[in-house]
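Please open the model in your viewer and keep the selection panel at hand. We will go from stop to stop, and at each one you will be told what to select and what is there.

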Amino acid sequence: FINRRMGREKVEDLGPAMMEVLGRTYGVPLFQEQAMQIAVVAAGFTPSEADRLRRSLATFKRMGTIGSFRDRFVSGMLARGYDAEFAARCFAQIEGFGSYGFPESHAASFARLVYISAWLKCHHQAIFTCALLNSQPMGFYAPAQLVRDARDHDVEVRPISINHSDWDCTLEPRSDGELALRLGFRQIKGMREEDAAWIKAARGNGYPDVESVWRRAGVKPDMLERLAEADAFTPGGLVRRDALWAAKALRGPAPLPLFGTDGEGGEEPAVHLPQMTLGQEVIEDYLSLRLSLRAHPMELLRPRLPDSLPHDRLPQAKGRITVTGLVITRQRPGTASGVIFLTLEDETGVSNVVVWRKVYETFRKAVIAGRLVRVTGRIERDGPVVHLIAERVEDLSHLLATLGRPAMIEVNDDRADETRRPAGGSVQTAHHPREQAKKLFPSRNFH
């Protein structure tokens, strides 16, 4: 192969230095291919033997496997008239590349990806975020953190709309020439791409109400309820609770043209439902979309936590402080001797918390299971990096269950067997506040 590519008559005309240059220039995949071809042409390897040689180059975590091919490779080249010293040098180059080439080439490839990603994030934040959201699930951060970061960098994020959204997140032009990010139907829990395609295909000039989606797109009532819970009808003038009421009224498996306002049926009387509080809206957003464009939960809980310092004030903080936030990531690297790193998020930013092993053993339950935690500790700085060294960790996840403040329906004396339920919202299977917090605000754990 190299003879044909480089116009040489013999492999040794390239020399070991050229083999190393090939490895450095083209990286692991091409060098592995060159090594396979050299093994086949110069050493008489069968294709299966050459493939095993290639695989040994990729196992940098288990060094020493390539050495088992030495005798076979050298003897094969000697049998084909190559000099013994040159055969040894050729194998040494292949073996040496297996020691540094795999991590070096991958590091170079990763650095290139990081550079390109950083450039896109800096100059085209809306495009960058849109691409990441459409590639989920992946990466270190969840959609809530990606959207938050985009908004912090002045990107307009528009909510899911029955009349504007596609399955994927999309970009929409603004009047000032910039791009706005429109969330797609993929963000809705339980939404199917097929239903999103039908909604888009039958959209026309837009859907005036919930029933029109049912009739024109053929979307089943249970999926209409998901759309209503995701507040997808609000851009069209129908708020979440009213849309959910209309969706629940559609019980049939398919539209019935004889019924409704344009058929033989009558129109139901108008119902005026109570307005949802901001806390209820935020909870429903997280239940359906895993994020909220309205407010951060800590913004609503801040008045009840006066001792907690907002995260954006950490760079100026000194000494012993207290912070509270949602746990968005947990990391416990195998090389960290049991140290756990927490990333907390509040309405102002994120903070990095270091939990030493002794502190973890004392507050293990809060560190592992908490979704909203309060951490007391001391500030530690290393240049621009600020960490909070935890001394005490408290689980405040139960506060998340109070955000909605559901109003209880008064008991009807004429129906004493009626079950009292919270007004509005869907019935949840998780009843304990800690279990509710796990469903509403899941964290990403890395070990």
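Begin by selecting strand β1 (residues 157–158) and strand β3 (residues 179–182), which run parallel and are joined by two bridges; strands here are DSSP runs marked E of at least two residues, helices are runs marked H or I of at least four residues, and both are numbered from the N terminus. Two strands are said to pair if DSSP finds at least two bridges between them. Within this pairing, Val-157 stands opposite Leu-181 in β3.

This is a predicted model, in which local features need pLDDT of at least 70 and side-chain atom pairs count only at pLDDT 80 or more, while totals for chains, interfaces and linings use all residues. Residues are numbered from 1 along each chain as its sequence is written, and side-chain values use heavy atoms, with hydrogens and water left out.

Pro-173 has Leu-179 in β3 as its bridge partner. Between β2 and β3 the hairpin has five residues, and Gly-177 in this hairpin takes a positive phi near 90 degrees.

Stay with strand β3 and select Arg-182, which has its place there. Is Arg-182 buried or exposed? Its relative accessible area is 7%, so Arg-182 is buried, a word that means under 20% relative accessible area, whereas exposed means over 50% and partly exposed lies in between (1.4 Å probe, protein chains only). The side chain of Arg-182 is joined to that of Glu-172 by a polar contact of 3.0 Å; such a contact is a pair of N or O atoms within 3.5 Å, where within protein one must be able to donate a hydrogen and the other to accept it, and residues adjacent in sequence count only if both atoms are side-chain atoms. If neighbours within four places in sequence are left aside, the residues in contact with Arg-182 (heavy atoms within 4.5 Å) include Arg-158, His-164 and Cys-169.

Now widen the selection to Glu-156, Arg-158, Glu-172, Arg-174, Asp-176 and Arg-182, which are linked in a network of salt bridges. A salt bridge is a side-chain nitrogen of Lys or Arg within 4 Å of a carboxyl oxygen of Asp or Glu. Side chains of opposite charge can pair when their charged atoms come close.

How many salt bridges does the structure hold? There are 29 salt bridges in the structure, and one to select is that between the side chains of Arg-148 and Glu-345, at 3.8 Å from N to O. This pair links distant parts of the chain, since Arg-148 is in helix α7 (residues 143–152) and Glu-345 in strand β5 (residues 340–345), 197 residues apart. Arg-148 counts as buried at 16% relative accessibility, and Glu-345 is buried with a relative accessible area of 2%.

Move on to Arg-294 and Asp-231, whose side chains meet in a salt bridge of 2.3 Å, N to O. Arg-294 counts as partly exposed because its relative accessibility is 35%, while Asp-231 is buried at 7%. Arg-294 also forms a salt bridge with Glu-281, the closest N and O atoms being 3.6 Å apart.

Finish at helix α5 (residues 84–123) by selecting Tyr-115, which counts as exposed because its relative accessibility is 61%.
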